Amino acid sequence: MASAASFSYAAALTSTVRNKFRLMTWNIAGLDHEPDELRECTLAQCEEVKMYSPDVVYLQEVTPSTCGLLRSTLQDYKMIPAAEGRYFTAILLKNSSVQHLSASIETFLGSKQGRQLQTVRAKCADAELTLMCSHLESQGKSAGERVRQLKTVFERIEEASSNSAVIFGGDLNLRDKEVTKAGGLPSGVFDIWILCGEPPDAEFTWDPTQNDKLEFPFKMTAKCRFDRLYLKQGTASGLKVVPERFMLVGKKRLPVCETFPSDHWGIVCDFKVEETK
């Protein structure tokens, strides 16, 4: 894994070179903490955002108590929460590099957990982007509903304007077999981790063999790629959004509670925008 210094240099490029941008997605586990621990974890997550300096941030498991803290700490960003409720997603756009165009929410009618698809249209690095964030239904027993939700998202991706590149992601709770059950990836939709060469050190975003944030009554050996990013190009835009690097973040143990900020690692992905030939 590259050093923090190299990440800082790349972050500087993101803010100064017009044809590059950076996106982060992270389930910040706002439901799993005591109040004091929740504040420490949320502030640590904010520090990760500041260090990596993404232009766009997808957050899952934002709660009313963390929403205000995120907003007040990350003042360089426009925060767009999906909803009011026990927990929800939020998309953050860096004020200096991203132009917000519009936003919408679609509730998954079959969800028992209040899950939604959040969509924000924006412009960054001269490219029009359709930013889609979701936290698909959790737990193995909810596989059927999760597959239905994924099918709905794939439909929305296909319906998006051909002038806009689509980046969909979040804590999708997916197993590979569920993508197959959903009919596979639609034509022109690609898994960004695969596009970046399937880096092995960035595969498993939920890994209790390395992340002891949650306690289990038995030894956990499962490692899962729950958190994912998908890309569809805007074929009529004259531009191509190219992922360049895919890495995991949030691996620094906190000093007071001596645990990690979340039971999920976050994802940071760097993109460049090229003219199509």
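This report walks through a sheet, several salt bridges, the cysteines and one asparagine in a predicted model.

## The six-stranded sheet

Let us begin with the strands. Six of them form an open sheet in the order S5-S6-S7-S8-S10-S9, and the pairing is mixed. At the edges stand strand S5 (98–107) and strand S9 (189–191); each has a single partner strand, so one side of each is left without a neighbour in the sheet. On average, neighbouring strands here are turned by 20° against each other, direction ignored.

Within this sheet, strand S6 (residues 116–124) and strand S7 (residues 127–134) are an antiparallel pair, joined over eight bridges. Helix H4 lies across S5, S6, S7, strand S8 (165–171), S9 and S10, and runs at about 160° to S8.

Side chains of opposite charge can pair when their charged atoms come close. The whole structure holds 17 salt bridges, and three of them are worth a visit here.

Next comes Asp212 with Arg253, where the closest N and O atoms are 3.1 Å apart. This pair also links distant parts of the chain: Asp212 is in the loop between H6 and S10, and Arg253 is in the loop between strand S11 (239–249) and strand S12 (266–275), 41 residues apart. Asp212 is partly exposed at 42% relative accessibility, and Arg253 is partly exposed with a relative accessible area of 38%.

Lys272 and Glu244 form a salt bridge with their closest N and O atoms 4.0 Å apart. Since Lys272 lies in strand S12 and Glu244 in strand S11, the pair ties together parts that are 28 residues apart in sequence. Lys272 is partly exposed, at 25% relative accessibility; Glu244 is partly exposed too, with a relative accessible area of 38%.

## Cysteines without disulfides

How many disulfides does the model contain? The count comes to zero. For Cys133, the nearest cysteine sulfur is that of Cys67, 13 Å away, and Cys133 is in no disulfide. Cys133 is also buried, at 0% relative accessibility.

Cys257 is in no disulfide either: the nearest cysteine sulfur, that of Cys41, is 4.5 Å away, whereas a disulfide needs the two sulfur atoms within 2.5 Å. Cys257 is partly exposed, with a relative accessible area of 24%.

## Asn211 in its loop

Our last stop is Asn211, found in the loop between helix H6 (192–195) and strand S10 (227–232). Asn211 is buried, with a relative accessible area of 4%.

What does Asn211 contact, leaving aside its neighbours within four places in sequence? The partners are Phe260, Ser262, Asp263, His264 and Trp265. With Asp263 there is a further detail to look at: the side chain of Asn211 reaches the backbone oxygen of Asp263 at 3.4 Å.

Conventions
Residues numbered from 1 in each chain as written. Predicted model: local features only at pLDDT ≥ 70, side-chain atom pairs only at ≥ 80, totals over all residues. Heavy atoms only, no water. Helix = DSSP H or I, 4+ residues; strand = E, 2+ residues; numbered from the N terminus. Buried < 20%, exposed > 50% of the residue type's maximum accessible area, 1.4 Å probe, protein only. Polar contact = N/O pair within 3.5 Å; in protein donor to acceptor, adjacent residues only side chain to side chain. Contact = heavy atoms within 4.5 Å. Salt bridge = Lys/Arg side-chain N within 4 Å of Asp/Glu carboxyl O. Pairing = 2+ DSSP bridges. Axes fitted to C-alpha atoms, helices over the stretch in contact; angles between N-to-C directions.
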